[in-house]
Amino acid sequence: NPIGAATMREAQSEGLWHRSVRVMVSDENGNILLQKRSPNMTNSPNLWDHSAAGHVDEGETNEQAAVREAFEEIGLKDANLDKLGDWKSSVEKQDGRSLNRFNKAYGVKVDSRFKPVLDPEEVSEVRWVTLEKLKKMIADHPENFTVGLQYVIKNYF
């Protein structure tokens with residue numbers, strides 16, 4: 001239950017718990033859409049991540065935020081969400097910020113003809129991969145993937 005509001009900068013610098021959503025897009029062939037975070041992102045630049053992810057704005061539900069993030073980052077309109085799970089995470093960054101999050105993950109099925117439209121401020125590229133290949137990529141080179149994506153794949157796929 002939300003108990004207040006703060007900017008993202010305030011939440012991270014003060015270590016406030018805040019809500020985050022993650023969206024995993026897959027097609028009818030079982031391929032998963034990954035996004036590579038742009039180099040100018042504050043958190044985890046240049047790492048492979050969920051299809052879309054972000055923080056919940058004041059007055060938004062988790063589901064509304066997930067639909068908004070999917071549209072903003074990869075151009076997916078009116079995502080029909082399936083809840084995958086939720087968890088708490090806490091990460092201390094080297095620059096003194098604390099990422100204390102209540103996370104919710106959602107799955108979305110799309111037609112394989114879906115063509116992502118990327119927000120270049122947040123996403124540098126996307127890639128479709130099979131779950132089997134993604135698990136091998138993470139096992140071989142975990143440093144190339146966000147901790148959040150690794151958690152979702154391990155616990156919900």
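Predicted model: local features only at pLDDT ≥ 70, side-chain atom pairs only at ≥ 80, totals over all residues.
Buried here means under 20% relative accessible area.

Next to consider is the partner of β4. Strands β1 and β4 pair in the antiparallel sense, over four bridges.

Arg-22 deserves a stop of its own. This arginine is found in strand β1, residues 17–27. So is Arg-22 buried or exposed? Its relative accessible area is 7%, so Arg-22 is buried. Residues up to four places away in sequence aside, Arg-22 touches a list of others that includes His-50, Ala-52, Ala-53, Trp-87, Tyr-106 and Gly-148. Asn-103 is also one of those contacts, and here the side chains are joined by a polar contact of 2.8 Å.

Asp-86 forms a salt bridge with Lys-104, and the closest N and O atoms are 3.4 Å apart. Asp-86 lies in strand β5 (residues 82–92) and Lys-104 in strand β6 (residues 98–110), so this pair ties together parts that are 18 residues apart in sequence. Lys-104 also turns up among the residues that Arg-22 touches. As for Asp-86, a relative accessible area of 38% makes it partly exposed.

How many salt bridges does a search of the whole structure find? The count is nine. Another of them links Arg-68 to Glu-60, with 2.6 Å between the closest N and O atoms. Both ends of this one sit under the cut-off we began with: Arg-68 is buried at 18% relative accessible area, and Glu-60 counts as buried at 15%.

Compare that with the salt bridge between Arg-113 and Asp-111, where the closest N and O atoms are 2.8 Å apart. Arg-113 counts as exposed at 65% relative accessibility, while Asp-111 is partly exposed at 34%. Back at Arg-68 and Glu-60, salt bridges that share partners join these two with Asp-57, Glu-69 and Glu-72 into one network.

Now for some backbone geometry. The loop between β2 (31–37) and β3 (48–49) holds Ser-44, and Asn-46 is found in the loop between β2 and β3 too. Neither is a glycine, yet Ser-44 has a positive phi of about 55° and Asn-46 has one of about 65°. Ser-44 is partly exposed, at 22% relative accessible area, and Asn-46 also counts as partly exposed, at 39%.

Last stop: helix α3, residues 131–140, where Leu-131 is found. At 24% relative accessibility, Leu-131 counts as partly exposed. Which residues does Leu-131 contact, leaving aside its neighbours within four places in sequence? They are Gly-30, Ile-32, Ile-153 and Phe-157. For Ile-153, which is 22 residues from Leu-131 along the chain, the C-alpha separation is 8.5 Å.

Key
Residues numbered from 1 in each chain as written. Heavy atoms only, no water. Helix = DSSP H or I, 4+ residues; strand = E, 2+ residues; numbered from the N terminus. Buried < 20%, exposed > 50% of the residue type's maximum accessible area, 1.4 Å probe, protein only. Contact = heavy atoms within 4.5 Å. Polar contact = N/O pair within 3.5 Å; in protein donor to acceptor, adjacent residues only side chain to side chain. Pairing = 2+ DSSP bridges. Salt bridge = Lys/Arg side-chain N within 4 Å of Asp/Glu carboxyl O.
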